[in-house]
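Welcome! Keep the 3D view open and look up each residue as it comes up.

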Number of protein chains: 2
Amino acid sequence: MGAQTLHFWHECIDCGHHFTPDKFLYTCPDCKGLLLVVRDEDAVKKIVGTGGHARDYIDNLRYGAARKRYPNDSGVWLWRQFVLPGFPEDAILSLKEGQTDLFEVPEWLAKELGLQKLFIKMEGQSPSESFKDRGMPVAISDALRLQRDYPGLGILGVSCASTGDTSAAAAIYSAYRRDRLSCIVLVPHKKIADAQLFQAMAYGATVRAIDHPDGFDGCMKLIQEFAAQHPEYVLVNSKNDMRIVGQETIGLEIVQDLGWQPPDWISIPVGNAGNLTALLNGLLRAKDLQLIDRLPGIIAG
Amino acid sequence: MGAQTLHFWHECIDCGHHFTPDKFLYTCPDCKGLLLVVRDEDAVKKIVGTGGHARDYIDNLRYGAARKRYPNDSGVWLWRQFVLPGFPEDAILSLKEGQTDLFEVPEWLAKELGLQKLFIKMEGQSPSESFKDRGMPVAISDALRLQRDYPGLGILGVSCASTGDTSAAAAIYSAYRRDRLSCIVLVPHKKIADAQLFQAMAYGATVRAIDHPDGFDGCMKLIQEFAAQHPEYVLVNSKNDMRIVGQETIGLEIVQDLGWQPPDWISIPVGNAGNLTALLNGLLRAKDLQLIDRLPGIIAG
């Protein structure tokens, strides 16, 4: 299965250059800019359809007879032809991430807050207990795809710097294919919660605590240097654009949860804006496919 | 809606006496024995059907068009006609408990353990993060039913003694109807995890820490005395047979998750044997209805 069947590529948001997905790129090789995955939208429309057809297509994967087929019980991979059209099914690694509850707070509480209805998306229900389980399976599956289809790359594992959630997710997903991937994690010395440190260690990652004066930022700098020197370890920190792809599914899942009626507003923490980028990108493309007929407002704080 | 439409009653496992569900009973009023809910099995078969019909009935509630109707997105109330036939729908309180992931451990780990396949039922994915969210909504809904249909009982709230999970579940469910129910919790002083204590407090329960020489057992004794003197506070500790009813759904959900093919074995912690009783009872009745054609073995440790 070669790159010719893949209907997506990497695009630099600064210089606009395109790169076929036949090797691992953390940033743009030309200008070091951020990369984002871009799709052949015509191919997506041909596979998924638009409007009612697209809604039926996705509803069938989640609720219909197709729900029983791996990996449709994943709230991420359910959307594979939408977020990563043509990605080879046999390279997919899924741990039933996503399809988390959209929890409605009680009427009296919504009223106290001056709202008609308020829902909370329970992203902690995923395998490593954070929303990072949406992006990580895509990044790890893509590493597995590159390793298999491009053996010349010599991919041996994944690497990341982390204060907790990222390393937990990287460790759990690579543990499932420990026959093919090892996982290297740098954490800032004494600046990570025990529970999160234990997650990475319990799943067999090689964890190194670094007593760097710049804390996490220092670890991040070191792991980027490491990954540049050792391209056989795919860097799965948040600039990895495959993670953004997976995170696009949270907004898509919310509108599906609500029967394709978008909420008036979606509120999301900003962080480094990766999740916000993913949310917006997913919703804009959902509107383009007429899965939804209007965009919700976004509150990002 | 009176008791005549309810196709279930309380039965004492010691003296065998029956009690219609028109008041709250924590133990047998005649001999203080444990009560269990017993159903009119013919009524259940009339509503749910048997064999393929019963499977289709339940699958439609979970996956079919009916999934969108409250409270079918609950892994507990989905089974309402099976576990509590005739229970009035408008008394049901659901927070989307259950329908948790049945997580498959990686092949290499199953192999290391000498197993073909190993699944873990992720009960922590429920609202208060424990399996207590299966029994508690049934106990709380039944308190709401009794309060509404038998105003002479003067029901004001619920009460429990707890080292954590029970009070978290009691607090979260009663918080949703704080217009009708208050929640009183006794915890052993300094013998409860902060996170669990905060759950009960955050959901507005009245929490009292008791420095009793017998710890939790002392708290349990005190709350039983309190509930005996104040029957307007329904005691929702584990002897409350409505909680067992809700917990029956975990085994039912597992066999539904597996396409009605029971696993060879189900392993479950014993604790005070309430959950084990519920699991067995649910599976035995599932076999009686021909939802499954054989019983799995049980490992209870």
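Let's start where the chains meet: Glu112(B) pairs with Arg178(A) in a salt bridge, with 2.4 Å between the closest N and O atoms. Please keep in mind that this is a predicted model.

**Where chain A and chain B meet**
- Two salt bridges are counted between chain B and chain A.
- Chain B brings 17 residues to the contact, and chain A brings 17 residues.
- The size of an interface is often given as the accessible area lost when the parts come together.
- Between chain B and chain A, about 1,900 Å² is buried, and carbon and sulfur atoms give 53% of that area.

**Salt bridges within the chains**
- Over all chains, the count comes to 42 salt bridges.
- In chain A, Glu41(A) and Arg285(A) join their side chains in a salt bridge, at 2.7 Å from N to O. Glu41(A) belongs to helix α1 and Arg285(A) to helix α11, so this pair ties together parts that are 244 residues apart in sequence.
- Are these two partners buried or exposed? Glu41(A) is partly exposed at 23% relative accessibility, whereas Arg285(A) is buried at 6%.
- In chain B, a salt bridge links the side chains of Lys121(B) and Glu253(B), again with an N to O value of 2.7 Å. Because Lys121(B) sits in strand β5 and Glu253(B) in helix α10, the pair ties together parts that are 132 residues apart in sequence.
- Lys121(B) is buried, with a relative accessible area of 15%, and Glu253(B) is buried too, with 1%.
- A network of salt bridges in chain A links Arg62(A), Lys121(A), Glu123(A), Arg134(A), Glu253(A) and Asp257(A).

**Nonpolar cores**
- The largest nonpolar core has 68 residues, and Trp79(A), Phe82(A) and Ile140(A) are among those that touch the most other members. Helix α5 of chain A (residues 132–149) gives the most to this core, with seven residues.
- Another core, of 67 residues, lies apart from that one and includes Ala54(B), Leu61(B) and Trp79(B).
- Beyond its close sequence neighbours (up to four places away), Trp79(A) touches residues including Ile58(A), Leu252(A), Trp260(A) and Leu291(A).

**On the surface**
- Leu280(A), Leu284(A) and Leu295(A) make up a nonpolar surface patch, with about 250 Å² of accessible area together.
- Leu284(A) is part of helix α11 (residues 274–288) of chain A and is partly exposed, with a relative accessible area of 47%.
- Asp42(A), in helix α1 (residues 41–48) of chain A, is exposed at 57% relative accessible area.

Methods:
Residues are numbered from 1 along each chain as its sequence is written. Chains are lettered from A and ligands numbered from 1 in the order in which they are written. This is a predicted model: local features need pLDDT of at least 70, side-chain atom pairs count only at pLDDT 80 or more; totals for chains, interfaces and linings use all residues. Side-chain values use heavy atoms; hydrogens and water are left out. Patches are made of residues with over 30% relative accessible area and no salt bridge: like charges are joined within 9 Å, nonpolar side chains (Val, Leu, Ile, Met, Phe, Trp, Tyr) within 5 Å. Accessible areas come from the Shrake-Rupley method with a 1.4 Å probe; for residues, only the protein chains shown count as cover. A salt bridge is a side-chain nitrogen of Lys or Arg within 4 Å of a carboxyl oxygen of Asp or Glu. Helices (H or I, at least four residues) and strands (E, at least two) are DSSP runs, numbered from the N terminus. Buried means under 20% relative accessible area, exposed over 50%, partly exposed in between (1.4 Å probe, protein chains only). A nonpolar core is a set of buried Ala, Val, Leu, Ile, Met, Phe, Trp, Tyr and Cys residues joined through side-chain atoms within 4.5 Å. Contact means heavy atoms within 4.5 Å. Buried area is the accessible area (1.4 Å probe) that two parts lose on being put together, summed over both.
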